[in-house]
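Hi everyone, thanks for coming.

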Amino acid sequence: MNLPNKLTIGRVLAVPAFIAVLMLGHYYASAAIFVLASLTDMLDGMIARKMNLVTNFGKIMDPLADKLLVMSALVCLVQLGDVPGWMAIVVLAREFTVTGLRSVAAAGGAVIAAGTTGKVKTILQMVAITALLLRNWPFSLIGLPFADIMLWAAVAMTVVSGVEYIVKNKEAFS
């Protein structure tokens, strides 16, 4: 197994630790775990492209690892009262839809990698979650609701990227 794929698996394995630390109320420590896990997403992609180590495993598992990390965070943050449930549902619905459509495409022999808007969506989600885990620090010092702004931007981009994904790949699903 190559390094990018090991990083992806590491991101999946970080999720239970992240959840445990967050649910114990350690927001800053969970933010550190979340940021480190999020950085492996950027790192594994850079390494895979630079060293020509792109694999079908990576194309499928990398987005799934991202979804697992983000969805775990959102569900925990809903339970803790930091994210409205409907926002998590919108994100969940998009992720289940795209994953389901990817599975249908894969059954037909096609692998559909993440597109640009999907990558922007993931970055916005990770920034929003990090800001929420940091309790909006340091922006709270100046009264700027950065975490809320980023959460709204992430949800909006989640919808946009989901619609784009369906429209762009509709022929793969017929």
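By class, the residues lining the largest pocket are 18 nonpolar, 14 polar and 14 charged. Here Ala, Val, Leu, Ile, Met, Phe, Trp, Tyr, Cys and Pro count as nonpolar, Asp, Glu, Lys and Arg as charged, and the others, Gly among them, as polar. Keep in mind that this is a predicted model, where local features need pLDDT of at least 70, side-chain atom pairs count only at pLDDT 80 or more, and totals for chains, interfaces and linings use all residues. Residues are numbered from 1 along each chain as its sequence is written, and side-chain values use heavy atoms, with hydrogens and water left out.

So how much space lies in that pocket? About 950 Å³. Its lining has 46 residues, and D41, D62, D66, A114 and K119 lie nearest the centre. A pocket is an open set of points on a 1 Å grid over the protein atoms alone, with protein on both sides within 12 Å along at least five of seven lines; lining residues have an atom within 4 Å of a point. A cavity is a set of points where a 1.4 Å probe fits but cannot get out. Points are joined across faces, edges and corners, and a volume is the space filled by probe spheres set on them.

Which residues line the largest cavity? L74, V91, Q125, A128, I129, L151, A154 and V155. That cavity has a volume of about 30 Å³, and its lining divides into seven nonpolar residues, one polar and no charged.
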